[in-house]
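Please read the numbered points beside the displayed structure.

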Amino acid sequence: MRLTLVPQTKEFYGLFAEAGDNALEAAKLVEHRFREHPDTAIRQAQVKTLEHEGDRLTAEIFRLLNTHYVTPFDREDIYGLAGAVDTVVDQIEAASELLDLYRIEAPMEQSLAQCRVLVEATGALAHALSRLRGFRGIDAHLAAIKRCEDEGDRIVRDAIAALFEDEDVSPRAIIRWKDIFEALEQAIDACDTAAHVLGNIVVKNA
Amino acid sequence: MPGCVLVGREPDVRALSAILEDGGVEHSVVERVGEAEHVVAAGRAEVVVVADSTADHDAIDRLRRAQPERLFVAWLPHSSTSRAAQLFRRGFVEVLDATMGGAELLARLANAAARRPAHAREPVRLGLLRIDAAHGVASWGETELRLTRRERELLEALAAACPRTLRREELYRSVWGYAMARGDRTVDVNVTRLRAKLTAVTHDVAIATEPGVGYRLEVPLHVCSAAVTRL
């Protein structure tokens with residue numbers, strides 16, 4: 001394996017920006033899929049393709065790390081950030097898959113609200129990742145992700161409460177929707193985790 | 001609790017039969033699906049409990065299609081969650097197994113019986129609209145409306161209530177048999193599909209939305225001179 005001493009920071013920044021855009025695209029696709037379910041033209045395979053693209057970008061960042069002596073910031077931080085962004089897409093894909101797995105007949109309003117928050121959070125993450133070079137203008141996006149996470153917490157609490165308001169709600173509906181609400185919440189939380197990793201990198205390097 | 005017919009061989013059905021006996025549930029035990037057909041056709045059973053060991057699945061499916069208003073419940077002599085999931089997917093409304101106590105079994109049966117739509121027994125007619133739940137068909141004049149079971153039951157509930165508006169929660173309870181969770185859009189999605197199918201056939205009947213409340217069926221007077229008729 002060839003090890004280069006020449007800094008190739010541009011490639012790292014470009015890959016992180018691509019990974020952020022990919023996460024945003026996945027969130028938009030899933031929001032669309034939930035909103036139009038069950039009559040949507042968007043298939044889970046399209047979401048899966050974006051998940052594979054996320055894996056490819058993460059692998060490419062790791063490959064660069066292993067072949068470059070000089071990196072734009074600490075290796076551990078690059079590993080941590082790439083993994084955290086990849087997890088966002090994985091969680092989005094996992095939540096979307098439940099629509100088919102549980103044969104969901106129609107969406108619940110609360111899941112649509114979660115999807116909108118997810119798009120907002122991944123949008124802020126994508127903006128933050130596109131500004132890694134120089135670490136400027138990132139803080140506002142990290143604050144936006146935190147707000148999304150708070151909003152996501154509020155929605156998921158209300159959503160789960162709605163399932164238990166009437167004791168005669170179908171147990172199967174409760175099982176299905178509790179899982180889906182929690183999966184979407186995990187995707188929003190994954191954005192917050194990535195924002196934390198990114199925030200620490202900014203503090204160390206800005 | 002309506003009468004039951006228990007389809008299966010000894011000793012698979014012995015325990016369940018004893019529980020039904022103790023619970024005072026009128027039931028008969030038959031070995032073959034063909035015999036169960038006679039019991040159901042004679043009106044002596046509303047609930048058909050099928051032991052999982054009953055091999056003739058095609059005959060059971062035929063009976064279910066022919067008697068859509070009956071309740072079909074599966075009985076597993078040995079508990080198996082994966083098998084129970086398969087049976088639910090095949091259309092059984094409840095799956096009972098030998099690990100359940102007598103009280104639980106009877107409660108589950110009674111609960112399943114209560115989920116049966118009360119209006120699903122007799123055909124409903126509203127002008128040219130005719131919904132025959134027993135045979136699983138709905139039509140407008142001579143034209144058959146190709147509806148799913150949920151859509152047909154929604155239309156039937158709306159027709160039976162016409163011209164009153166039914167709240168979403170009422171529709172959900174009537175068709176799905178459970179309470180609607182706040183935020184559930186199942187009724188809206190099915191009404192949208194039903195509305196599209198009706199519009200493709202006629203403009204003389206429409207499903208009107210009352211925002212924030214629910215839906216009602218609108219049929220002009222020249223089409224519907226009389227109120228809903230149960231045949």
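Which residue of β12(B) is the bridge partner of B:Arg167? The reply is given in point 2.

1. Basis of the note. This is a predicted model, in which local features need pLDDT of at least 70 and side-chain atom pairs count only at pLDDT 80 or more, while totals for chains, interfaces and linings use all residues. Residues are numbered from 1 along each chain as its sequence is written, and chains are lettered from A and ligands numbered from 1 in the order in which they are written.

2. The antiparallel sheet. The bridge partner of B:Arg167 is B:Gly214 in β12(B). Strand β12 (residues 214-218) of chain B pairs with β10(B) in the antiparallel sense over two bridges; two strands pair if DSSP finds at least two bridges between them. The sheet is open, has three strands in the order β10-β12-β11 (chain B), and its pairing is antiparallel. Its edge strands, each pairing on one side only, are β10 (166-167) and β11 (206-210) of chain B.

3. Helix across that sheet. Helix α6 (residues 149-161) of chain B lies across β10, β11 and β12 of chain B and runs at about 70° to β12(B). Axes here are lines fitted to C-alpha atoms, for helices over the stretch in contact, with angles from 0 to 180 degrees between N-to-C directions.

4. Overall content of chain B. Chain B holds eight helices and 13 strands, where helices (H or I, at least four residues) and strands (E, at least two) are DSSP runs numbered from the N terminus. Of its 231 residues, 34% are buried; a residue is buried if 20 or more other C-beta atoms lie within 10 Å of its own, exposed if 12 or fewer, and partly exposed in between, with C-beta atoms placed from the backbone. Among the contacts in chain B with a separation of 6 or more, 57% are between residues 24 or more positions apart; a contact requires C-beta atoms, placed from the backbone, to lie within 7 Å.

5. The parallel sheet. A further open sheet has five strands in the order β2-β1-β3-β4-β5 (chain B), with parallel pairing. At its edges stand β2 and β5 of chain B, each with a single partner strand, so one side of each has no neighbour in the sheet. On average, neighbouring strands of this sheet are turned by 25° against each other, direction ignored.

6. Strand β4(B) and its partners. Six of the six residues of β4(B) are buried. Both faces are covered: B:Leu71, B:Val73 and B:Trp75 lie on one side, and B:Phe72, B:Ala74 and B:Leu76 on the other. Five bridges join β4(B) to β3(B), the two running parallel, and B:Trp75 is the bridge partner of B:Ala51. Four bridges pair β4(B) with strand β5 (residues 94-97) of chain B, also in the parallel sense, and B:Ala74 stands opposite B:Val95. The chain passes from β4(B) through helix α4 (residues 81-89) of chain B to β5(B) in a right-handed β-α-β crossover; right-handed denotes a path from the first strand over the helix to the second that runs clockwise with the strands pointing away from the viewer.

7. Helix α1(B). In helix α1 (residues 14-22) of chain B, the buried residues are B:Leu16, B:Ser17 and B:Leu20. Seen down the axis of α1(B), they fall within an arc of 100°, so they line one face of the helix; the arc is that of the directions from the helix axis to the C-beta atoms. B:Ala18, B:Glu21 and B:Asp22 are exposed on the other side of α1(B). The buried residues pack against β1 (4-7), β2 (27-30), β3 (47-51) and β4 (71-76) of chain B. Just after α1(B), B:Gly24 takes a positive phi of about 70°.

8. Strand β2(B). The covered face of β2(B) carries B:His27 and B:Val29, and the uncovered one B:Ser28 and B:Val30. β1(B) and β2(B) run parallel and are joined by four bridges, with B:Val5 opposite B:Ser28. The β-α-β crossover from β1(B) through α1(B) to β2(B) is right-handed.

9. Contact between the chains. Nine residues of chain B are in contact with 15 residues of chain A. On the chain A side, α4 (109-129) and α5 (139-163) each supply at least two residues.

Methods: Two residues are in contact if their C-beta atoms, placed from the backbone, lie within 7 Å.
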